[in-house]
Amino acid sequence: MTSNSEQNTGINRDFLFALLSQAAPSGLERRAADVWKAEASAFARVSEDHYGNVYAELGPQDAPAIALMGHLDEIGLIVSHVGDEGFLSVLPVGGWDPQVLVGQRIRLLAPGGDLIGVIGKKAIHVMETEERSKASKLEDLWIDVGLSKETAQERIPVGTYGVIEQGPIMVGDKIVSRALDNRVGAFVVLEALKALKDTDLKHRVVAVGTSQEEIGLFGAQMGGHRLDPIAGIAVDVTHETKQSGVSEKKYGVIHFGSGANLGVGPTSSPVVVRQLQEAARKNGIPFTLGANTSRTGTDADALTRVRSGVPTAVVSIPNRYMHSPSEMVDAHDVKACIDIIAAWVGDLEEGPDFTRV
């Protein structure tokens with residue numbers, strides 16, 4: 001039975017919103033992983049590894065593997081010091097623009113239970129004239145939890161993680177939330193696998209919610225080594241190029257509603273990319289192409305180099321305001337990414353040849 005959220009957006013919004021609502025910074029992906037696993041266990045064989053990757057698979061267990069990867073982690077903060085006034089100093093976990101942190105509420109994943117704090121900065125009224133035009137630096141900001149130094153030190157030890165407290169909402173057909181980079185990619189690979197559950201698969205198809213992409217693609221490397229797949233796809237977000245200041249000459253024509261963006265470049269498998277395009281045309285799935293000169297900045301960079309090499313392609317969702325509290329994607333583009341991956345896997349013949357020609 002199709003839920004109301006699926007009728008309105010074409011995707012399983014309840015599952016996506018459940019994923020986005022979890023705090024899961026790099027190295028502490030447990031909460032998002034548990035939601036992902038619970039969804040997967042309804043239709044697939046589920047497992048996990050010690051490093052935070054979670055796996056869902058369909059198809060013959062002794063067949064060669066096809067890996068579908070999307071990372072579960074999000075950028076975060078980590079407490080480095082508790083000052084005399086109980087203010088918390090923090091370091092970045094992943095790539096932050098400190099400007100987006102000013103005035104935000106932060107969820108701290110403290111050992112005794114979550115705490116909410118706010119990012120503090122000197123008010124404009126007490127700034128010197130020259131200070132007002134300067135960009136904020138992370139070292140000039142702090143988290144205020146409204147506690148004394150002693151209580152803060154007791155409840156919030158050094159090493160406590162934090163994420164922005166900003167949940168998902170719908171704005172028309174657009175999904176707005178923190179952590180769309182790349183909780184939506186982990187959503188896509190599992191939904192693509194679900195679309196294949198009644199298919200007579202010739203391969204062992206494994207969706208992977210990977211860990212620690214934002215700090216070095218570590219989960220993808222370990223997951224790829226474990227699976228030793230014959231081919232793979234990494235799903236991530238890319239820059240939507242109708243937003244002000246983003247160059248189409250550099251990034252390509254990647255607009256909301258244009259579908260799945262397929263990465264083309266030296267490290268992407270030309271065979272897999274070509275097969276994805278053929279599957280899209282055959283099934284009327286919208287897509288665009290995006291050029292990469294070398295690294296893609298996604299889990300594909302790690303998967304491609306696993307063992308003797310894995311033919312890999314990147315499927316991306318156009319995204320505005322990346323690494324901010326209010327990233328934005330179009331539900332139709334998310335659906336296109338699900339559909340193109342499912343169509344590609346469904347068309348794969350037994351013993352495919354991915355040799356570059």
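The residues that line the largest pocket divide into 6 nonpolar, 11 polar and 6 charged, where Ala, Val, Leu, Ile, Met, Phe, Trp, Tyr, Cys and Pro count as nonpolar, Asp, Glu, Lys and Arg as charged, and the others, Gly among them, as polar. The model is predicted, with local features needing pLDDT of at least 70 and side-chain atom pairs counting only at pLDDT 80 or more, while totals for chains, interfaces and linings use all residues. Residues are numbered from 1 along each chain as its sequence is written, and side-chain values use heavy atoms, with hydrogens and water left out.

A pocket is an open set of points on a 1 Å grid over the protein atoms alone, where a 1.4 Å probe fits, with protein on both sides within 12 Å along at least five of seven lines, and its lining residues have an atom within 4 Å of a point. Grid points are joined across faces, edges and corners, and a volume is the space filled by probe spheres set on the points.

| Pocket | Volume |
|---|---|
| Largest pocket | about 490 Å³ |
| Second largest pocket | about 210 Å³ |

Of the 23 residues lining the largest pocket, Val237, Thr238, His239, Asn292 and Thr296 are the closest to its centre. Strand 13 (231–239) gives the most to this lining, with 4 residues; strands here are DSSP runs of E with at least two residues, and helices are runs of H or I with at least four, numbered from the N terminus.

The lining of the second largest pocket, which includes Lys121, Glu131 and Asp140, divides into 3 nonpolar, 1 polar and 6 charged residues.
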